[in-house]
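Here is a short report on charged pairs and a surface patch. Keep the structure open while reading.

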Amino acid sequence: MINSNRSGSLTVRKECRKVLPSSIRPSASYSTQASENKPNQERTDLTTTEDPFDSPTYNIPEKPVTFVEGASYTVVILAGLGVAAVAGYAVFKELIFEPKEYKIFGKALARVQSDSQVTAKIGYPITGYGTESRNRAARQRIQNRVWTDEDGVEHVEVGFHIRGPHGAGKVFAEMFKDNSDRTWKFTFLLVEITSPRHSQMMLESYIPA
């Protein structure tokens with residue numbers, strides 16, 4: 001009896017050993033496959049996730065410009081163009097339209113430089129300037145007076161200094177604009193030599209007909 005029981009128990013144990021491994025193996029293989037598939041799933045999730053910073057910037061909606069803002073921009077642009085036009089006109093007028101006093105100064109100086117009496121006393125070349133000063137702006141400023149007489153004729157009077165290699169002097173000139181031919185003509189042109197010897201010369205004098 002004892003032997004039969006032992007053999008029966010042994011038989012049961014053997015049968016259990018045969019059954020148990022077959023039932024455990026599928027669960028183990030299933031867990032292994034799940035662990036192998038999990039990283040792939042995570043990789044798939046990482047690759048398919050969209051980066052919010054990769055979206056194009058043109059998808060950002062722009063704020064519409066109101067009528068008031070557009071009008072203000074137009075006013076600013078027109079104001080800037082107006083300032084630029086005024087500055088350009090000032091430069092153009094300074095360079096192209098020479099002031100009358102400087103035009104008369106140039107004509108008087110050219111007449112003095114070409115006169116043989118003056119060059120004989122103070123030498124050549126002769127330069128002309130506004131006042132005796134080291135200030136460049138003061139030397140370029142020409143004393144002048146502009147007026148119109150009762151006949152509507154415009155007059156310009158100038159006074160400036162001259163200097164040559166051998167002396168210096170002063171020039172007083174007046175010109176008027178002839179309405180018949182619209183040209184400038186001398187009323188008078190007086191040169192006063194101050195060094196080396198004092199003398200006066202009337203280079204031009206207008207006598208009306």
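## R111 and its partners

R111 has a relative accessible area of 23%, so it counts as partly exposed (buried is under 20%, exposed is over 50%, partly exposed is in between, with a 1.4 Å probe and protein chains only). R111 forms a salt bridge with D115. The closest N and O atoms are 3.2 Å apart. A salt bridge here is a side-chain nitrogen of Lys or Arg within 4 Å of a carboxyl oxygen of Asp or Glu. D115 counts as buried because its relative accessibility is 8%. E204 joins in: R111, D115 and E204 are linked in a network of salt bridges.

This is a predicted model; local features need pLDDT of at least 70, side-chain atom pairs count only at pLDDT 80 or more, and totals for chains, interfaces and linings use all residues. Residues are numbered from 1 along each chain as its sequence is written, and side-chain values use heavy atoms, with hydrogens and water left out.

How many salt bridges does a search of the whole structure find? The search gives 7. Side chains of opposite charge can pair when their charged atoms come close.

One of the pairs is E154 with K100, whose closest N and O atoms are 2.1 Å apart. This pair links distant parts of the chain. E154 lies in strand β3 (residues 154-164), K100 in helix α3 (residues 100-113), and they are 54 residues apart. Helices (H or I, at least four residues) and strands (E, at least two) are DSSP runs, numbered from the N terminus. E154 is buried because its relative accessibility is 18%. K100, at 37%, counts as partly exposed.

E157 pairs with R145 in a salt bridge, at 3.1 Å from N to O. Here too, distant parts of the chain are linked: E157 is in strand β3, R145 in strand β2 (residues 143-148), 12 residues apart. E157 is partly exposed at 25% relative accessibility. R145 is partly exposed as well, with a relative accessible area of 46%.

## A nonpolar patch

I77, L78 and L81 form a nonpolar patch on the surface. Together they have about 320 Å² of accessible area, from the Shrake-Rupley method with a 1.4 Å probe, where only the protein chains shown count as cover for residues. Patches take residues with over 30% relative accessible area and no salt bridge; nonpolar side chains (Val, Leu, Ile, Met, Phe, Trp, Tyr) are joined within 5 Å, like charges within 9 Å.

I77 lies in helix α2 (residues 67-95). Its relative accessibility is 53%, so I77 counts as exposed.
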